[in-house]
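I opened my notebook today to look up a few places in this structure. Here is what I wrote down as I went along.

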Amino acid sequence: MQLEPLETARAWVEVDLGALERNARVIARRAGVPLLPMVKADAYGLGALAVVRALEAVDPWAYGVGTVDEGRVLRTAGVRRAILLFTPALPVEFSEIRALGLVPTLGERTSIAGWIQGGGGRWHLAIDTGMSRAGARWDRVSELADLLRACPPEGAFTHFHAAVASDGSVDEQEQRFREALDALPARPRQIHAENSPAMERRAPSPWTLARPGVFLYGVGGGAGAAVRPEAVAHLRARIVEIRELKSGDTVSYGATWRAAGPRRVATVSAGYADGIRRSLSNRGVALVRGQRAPIAGIVTMDMTMLDVSEVPCEIGDVATFLGRDGVESLSIDEVARTAEVSPYEFLVGLRLRAPRVYV
């Protein structure tokens with residue numbers, strides 16, 4: 001079902017919650033185990049509260065966040081499921097983590113000891129198998145045996161650094177992970193490792209939980225993937241002016257675009273403050289009435305210009321910079337590749353000024 005946005009909206013991010021839920025069900029069927037959806041960074045820019053409410057339909061085991069503040073937002077909104085904090089917490093945060101009922105992920109001796117000294121509680125052991133970002137190194141977890149006996153972790157996990165690659169790194173990391181699990185005084189009840197790309201490429205999960213992230217939000221389905229997600233995010237804005245240019249006329253800062261002949265250029269009421277990356281200047285496109293219109297000149301903070309010489313359109317028409325317009329679409333992978341950023345980074349950038357409209 002397509003819902004019309006407010007007539008007064010100048011730019012907006014349309015979030016298809018039905019597609020989000022269907023993506024979650026697809027990945028849950030493949031994994032065959034409960035989900036631990038990642039909703040950090042405001043659900044990758046799409047709005048954590050709305051996303052969590054939609055994901056309740058798939059009965060996840062818990063949710064994953066990146067900061068205490070993100071966990072507080074969910075708790076304040078009434079979320080009662082477990083919420084795991086995946087960025088290593090500072091000891092000064094432990095009291096609030098306990099007050100909010102969050103579950104920290106720890107892998108460093110001092111932090112684990114501090115958690116125990118403060119009263120302990122639920123926590124998950126982070127095991128580094130090659131990411132070298134956070135967690136106890138896989139071949140040194142036995143050095144934490146005294147702490148693990150004093151306060152056994154509820155779960156243990158690792159993170160793949162290249163699950164999209166066919167370079168054997170996932171197998172290597174899993175072998176390291178198994179070695180680390182075997183070295184623990186007792187095996188935790190919950191074990192998780194797979195991110196979205198890993199679940200796209202194999203099934204079912206050998207662990208007790210699966211940890212999808214970006215697939216939920218419409219990113220994935222590359223080489224080797226057995227499933228493809230539906231588009232969830234659609235970045236749209238309105239045409240506010242249309243002008244006729246003569247040969248030689250220039251557009252936007254630096255005059256980097258020059259009309260090679262008579263051209264028709266539309267000004268759209270959104271720019272890089274709304275998530276349209278400046279790197280799309282003179283190379284990206286938007287969809288207008290289901291047709292592709294090239295971005296003309298430099299994307300500015302509040303406005304973007306399109307060459308609509310071949311597209312019949314009027315002031316008030318909608319330009320789509322990400323997502324579907326009729327049968328034509330601009331996938332997050334295509335747009336991010338053109339902008340020379342990762343799809344993750346592009347999605348998170350949608351947290352800027354443009355409001356979100358949920359359908």
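**Entry 1: His192**

Is His192 buried or exposed? I looked it up in the model, which is a predicted one. His192 counts as buried because its relative accessibility is 0%, and a value under 20% is what buried asks for. I found His192 in strand 8, which covers residues 190-192.

Next I listed what touches His192, leaving aside its neighbours within four places in sequence. Its contacts include Leu36, Leu84, Phe86, Phe157, Trp207 and Arg211. His124 is in contact with His192 too, and the side chains of these two are joined by a polar contact of 3.1 Å.

**Entry 2: a cis peptide bond**

I then went through the backbone. Most peptide bonds are trans. The bond from Ala203 to Pro204 is cis, and I read its omega as near -5°. Where does Pro204 lie? I found Pro204 in the loop between helix 9 (196-201) and strand 9 (233-245).

Most residues other than glycine have a negative phi. I wrote down two residues with a positive one.

Ala43 is not a glycine, yet its phi is about 55°. Ala43 sits in helix 2, residues 40-44. With a relative accessibility of 0%, Ala43 counts as buried.

Arg289 has a positive phi near 50°, and this residue is not a glycine either. Is Arg289 buried, partly exposed or exposed? Arg289 counts as partly exposed because its relative accessibility is 44%, and that class runs between 20% and 50%.

**Entry 4**

Arg289 is in the loop between strand 13 (285-288) and strand 14 (291-294). How do strand 13 and strand 14 run, and how many bridges join them? They run antiparallel, and I counted four bridges. Across the pair, Val285 stands opposite Pro294 of strand 14. The two strands form a hairpin with two residues between them, and that is where Arg289 takes its positive phi.

**Entry 3: Thr300**

From strand 14 I followed the chain to Thr300, in the loop between strand 14 and strand 15 (304-307). Thr300 is in a loop, but I noted that Thr300 counts as buried, at 11% relative accessibility. Its side chain reaches the backbone oxygen of Met303 at 2.6 Å. Leaving aside neighbours within four places in sequence, I found Thr300 in contact with Ser252, Tyr253, Gly271, Tyr272 and Met305.

**Entry 4: the largest pocket**

Last, I looked up the largest pocket, which holds about 810 Å³ of space. Which residues lie nearest its centre? Out of 37 lining residues, I noted Lys40, Met131, Arg133, His159 and Arg211 as the ones nearest the centre. Helix 2, strand 4 (103-106), strand 5 (124-128), helix 9 and helix 11 (343-348) are the elements that each give two or more residues to the lining. I sorted the lining by type and got 20 nonpolar, twelve polar and five charged residues.

Some names came up again here. Helix 2, which holds Ala43, is among the elements of the lining. Arg211, a contact of His192, is one of the residues nearest the pocket centre.

Note on methods. Residues are numbered from 1 along each chain as its sequence is written. This is a predicted model: local features need pLDDT of at least 70, side-chain atom pairs count only at pLDDT 80 or more; totals for chains, interfaces and linings use all residues. Side-chain values use heavy atoms; hydrogens and water are left out. Buried means under 20% relative accessible area, exposed over 50%, partly exposed in between (1.4 Å probe, protein chains only). A polar contact is a pair of N or O atoms within 3.5 Å; within protein, one must be able to donate a hydrogen and the other to accept it, and residues adjacent in sequence count only if both atoms are side-chain atoms. Contact means heavy atoms within 4.5 Å. Two strands pair if DSSP finds at least two bridges between them. On a 1 Å grid over the protein atoms alone, a cavity is a set of points where a 1.4 Å probe fits but cannot get out, and a pocket is an open set with protein on both sides within 12 Å along at least five of seven lines; lining residues have an atom within 4 Å of a point. Grid points are joined across faces, edges and corners, and a volume is the space filled by probe spheres set on the points. Ala, Val, Leu, Ile, Met, Phe, Trp, Tyr, Cys and Pro count as nonpolar, Asp, Glu, Lys and Arg as charged, and the others, Gly among them, as polar.
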